[in-house]
Amino acid sequence: MNPTMLLRRTTSKALLATGLAASLALASGCAKSEDDGAKDTSASSGKGDSGQVVATPSAAGDAKSCTIGQFGGKKLDIKGATIGFSQSEKEANPFRIAETASMKAEAEKRGLKLLTANAQSQFSKQISDVQDLLAKGADLLVIAPLNSDGWGPVLRTARAKHIPIVTVDRKINATPCKDYVSFIGSDFVQQGKRAADRMIASTGGKGKLAILLGSAGNNVTTERTKGFKDELKAKAPGLKVVFEQTGDFVREKGQQVTEQLIQSNPDIAGIYAENDEMGLGAVNALKGAGKKAGSVKIVTVDGTRNGVQQIVDGWMSGDVESNPRFGPLAFETLDNFTKGQKVAQDIIIQDSEYSKDNAKSDIGKAF
């Protein structure tokens, strides 16, 4: 099924509005710890509501596209190819667990040969991992980048061999349809804006705010921060960001930073955590300080089950989904591309959102 066909399976409203849409169903995500049952990947295979809906039009529309002829490669049958998948982070994080599980499940479903590597949150290791995948004969690559910069050595090696690359969930700073084929992921600026809207609604638009920033060096952190701040400036000048510090997308660091925050700013009204893991760390810190659920409004991005449960329990006010189940869409994109079809350079997925209105009923969709 190509992306245009996928678009036809979205709502009739979208079809009437644009004549285009694409789908592989819905889901969630970005973080959790091993002691939370993170190994449970039953909802990670892209089935039903756990799949991804494509928000951008297909390459048949106005989106910038890429063909194998433009890229400089040659057509091949994906069923006879070797595909390499490079995971960036330790799989104690539920986003990464769901992402890798989705890749493996889709490869198995299609009967494809998949080689995998995990960089364990070390960028130098990820570079050597991808070089190793190429040395082992990978014909195609799917990369979940740890950082956006520093990919020159890999790109030069892959380009010399005309190896198509699709990146998922984070971009690399390189030239599409030359250095890589497509990026598949969320609109991170929009995620930040939606988080700001939820914060405005939760706080009444007034008070002091803190931001628990994600890791430096990737577009996710930069864009989620930009979207959040831009939306506050436009809609809620009474909300002031008085504290920003990185939590590196990690729960423990999110807790440590929040402990510092409530010492220096005991009257903080809200915390925007740029992933669920840091938000869960913030909840732990507030509990340790004797705060009551809901006394500090917490809005996060991911849509993990642990995060959504905190909305049900009253500790979080909102959770903007970031769907990690890239397997079906990544392999569909590579399949179409290697057959000679156009594929979009940027394939942006449509994310859901959790609040007190739907958290309890929709928690089964979370990962």
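View 1. Threonine 300 is found in strand E12, which covers residues 297–302, and the model in which it is seen here, as in every view below, is a predicted one. With a relative accessibility of 0%, threonine 300 counts as buried. Its side chain is joined to the side chain of aspartate 276 by a polar contact of 2.7 Å, and a polar contact of 3.1 Å joins the side chains of threonine 300 and aspartate 319. When neighbours within four places in sequence are left aside, the residues in contact with threonine 300 are Ala273, Asn275, Asp276, Gly279, Met316, Gly318, Asp319 and Val320.

**View 2. Helix H11 and the elements around it.** Helix H11 spans residues 305–312, and Asn306, Gly307, Val308, Gln310 and Ile311 are buried in it. After H11 comes glycine 314, which has a positive phi, near 95 degrees.

View 3. All six of the six residues of strand E4 (residues 82–87) are buried, so the strand is largely enclosed by the rest of the structure. In a regular strand, side chains alternate between the two faces of the sheet. In E4, Thr82, Gly84 and Ser86 point one way, while Ile83, Phe85 and Gln87 point the other way. Strand E5 (residues 113–118) runs parallel to E4 and is joined to it by six bridges, with isoleucine 83 standing opposite leucine 114 of E5. Strand E6 (residues 140–143) also pairs with E4 in the parallel sense, here over four bridges, and in E6 the bridge partner of serine 86 is isoleucine 143. Together with helix H4 (residues 94–110), the strands E4 and E5 make a right-handed β-α-β unit.

**View 4. The disulfide of cysteine 66 and cysteine 177.** The count of disulfides in the model comes to one, and this bond is formed by cysteine 66 and cysteine 177, whose sulfur atoms are 2.0 Å apart. The torsion about the S-S bond of cysteine 66 and cysteine 177 is about 80 degrees, and the disulfide is therefore right-handed. Because cysteine 66 lies in strand E3 (residues 65–66) and cysteine 177 in the loop between strand E7 (165–168) and strand E8 (182–185), the pair ties together parts that are 111 residues apart in sequence. Both cysteine 66 and cysteine 177 are buried.

**View 5. Two of the aromatic pairs.** The structure holds five aromatic pairs, and one of them, formed by phenylalanine 123 and tryptophan 151, is edge-to-face, with 5.4 Å from centre to centre and 80 degrees between the planes. This pair links distant parts of the chain, since phenylalanine 123 belongs to helix H5 (residues 123–135), whereas tryptophan 151 sits in the loop between E6 and helix H6 (152–160), 28 residues apart. Tryptophan 151 has a relative accessible area of 3% and is buried. In another pair, the ring centres of phenylalanine 183 and phenylalanine 188 are 6.5 Å apart and the planes stand at 55 degrees, so the pair is tilted. Phenylalanine 183 and phenylalanine 188 are both buried.

How values were computed. Residues numbered from 1 in each chain as written. Predicted model: local features only at pLDDT ≥ 70, side-chain atom pairs only at ≥ 80, totals over all residues. Heavy atoms only, no water. Buried < 20%, exposed > 50% of the residue type's maximum accessible area, 1.4 Å probe, protein only. Helix = DSSP H or I, 4+ residues; strand = E, 2+ residues; numbered from the N terminus. Pairing = 2+ DSSP bridges. Right-handed = clockwise from strand over helix to strand, strands pointing away. Polar contact = N/O pair within 3.5 Å; in protein donor to acceptor, adjacent residues only side chain to side chain. Contact = heavy atoms within 4.5 Å. Disulfide = S-S within 2.5 Å. Phe/Tyr/Trp six-rings, centres within 6.5 Å; stacked < 30°, edge-to-face > 60°.
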